[in-house]
Amino acid sequence: MNTQDILSHVDHTLLLQTATWPEIQALCDDAIKYQTASVCIPPCYVARAKEYVGDRMVICTVIGFPNGNMTTAAKVFETQDAIANGADEIDMVINIGALKNKEYDYVLKEIKAIKQACGERILKVIIETCLLTEEEKIVMCDLVTRSGADYIKTSTGFSTAGATFEDIELFAKHVGPNVKIKAAGGISNFNDARKYIELGADRLGTSRLVKLMKSQSYDGLY
């Protein structure tokens with residue numbers, strides 16, 4: 001697995017509150033140059049970015065981000081708006097409080113409602129693993145499998161920690177065959193990225209790998 005193989009799994013990401021259009025434009029340019037899987041950007045930039053990249057790059061955006069405790073109706077509206085603006089993929093945050101209340105039907109219905117709004121577009125479900133017990137992570141593997149969503153995703157990158165190898169191994173054991181895995185948060189080098197993929201991750205949410213390519217500081221990768 002070479003660097004380009006790894007980059008083809010990357011959602012090249014910029015979700016900081018301070019992100020400006022020139023930074024998003026540069027993110028898109030780099031994603032196209034290095035042939036990443038997508039760019040993952042704030043909803044307010046989706047329409048402009050889609051107009052800028054056309055069919056040259058997949059546009060992913062986030063819903064209910066980063067806390068997840070908006071109403072289902074608000075998340076569905078966000079999703080519909082993002083798609084109308086040109087989003088190709090949606091990364092949603094679950095209602096973590098509802099999960100901890102054991103309101104599993106609520107969590108499942110919300111994911112299903114957002115998936116319905118997505119139609120054929122890819123939906124990734126962010127469960128924020130750093131805030132969950134192992135039991136809650138396993139429950140979410142089941143709920144995401146039953147929901148019809150396409151991916152289970154570890155993290156927003158805005159909480160107390162990001163992806164871990166252990167969480168990807170746990171996901172791989174408990175999700176159904178219809179669900180892929182996205183690791184996000186704290187992926188800072190190609191060796192770790194390769195291990196995440198080998199453990200079962202199909203997508204990686206990060207901006208650091210492209211930055212490494214640009215700086216050519218990835219010597220000694222293998």
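Mentor: In what follows, contact means that heavy atoms lie within 4.5 Å. This is a predicted model, where local features need pLDDT of at least 70, side-chain atom pairs count only at pLDDT 80 or more, and totals for chains, interfaces and linings use all residues. Residues are numbered from 1 along each chain as its sequence is written, and side-chain values use heavy atoms, with hydrogens and water left out.

Trainee: Which residues does Lys182 touch by that definition?

Mentor: Leaving aside residues up to four places away in sequence, Lys182 touches Asp11, Asp91, Lys124, Tyr151, Ile152, Lys153, Thr154, Arg203, Leu204 and Gly205.

Trainee: Why is Lys182 called buried?

Mentor: Buried means under 20% relative accessible area, exposed means over 50%, and partly exposed is in between, with a 1.4 Å probe and protein chains only. Lys182 has a relative accessible area of 0%, so Lys182 is buried, and Lys153, at 4%, therefore counts as buried too.

Trainee: What makes Lys153 and Asp91 a polar contact?

Mentor: A polar contact is a pair of N or O atoms within 3.5 Å; within protein, one must be able to donate a hydrogen and the other to accept it, and residues adjacent in sequence count only if both atoms are side-chain atoms. The side chains of Lys153 and Asp91 make such a contact at 2.9 Å.

Trainee: What does UniProt list for "active site"?

Mentor: The unreviewed UniProt entry lists Asp91, Lys153 and Lys182, and such annotations may be inferred rather than shown by experiment. Although these residues are spread over 92 residues of sequence, they cluster in space, with a largest C-alpha distance of 10.1 Å.

Trainee: Why is the pair of Trp21 and Tyr52 called edge-to-face?

Mentor: Rings of Phe, Tyr and Trp (its six-membered ring) pair if their centres lie within 6.5 Å, and planes under 30 degrees apart count as stacked, over 60 as edge-to-face and the rest as tilted. For Trp21 and Tyr52 the centres are 6.0 Å apart and the planes are at 90°, and the pair is edge-to-face. Trp21 lies in helix α2 (residues 21–34) and Tyr52 in helix α3 (residues 46–53), so the pair ties together parts that are 31 residues apart in sequence.

Trainee: How do you know that the charged end of Arg56 sits over the ring of Tyr52?

Mentor: A charge sits over a ring if NZ of Lys or CZ of Arg is within 6 Å of the ring centre and within 35 degrees of the ring normal. The charged end of Arg56 sits over the Tyr52 ring, 5.7 Å from its centre.

How values were computed
Helix = DSSP H or I, 4+ residues; strand = E, 2+ residues; numbered from the N terminus.
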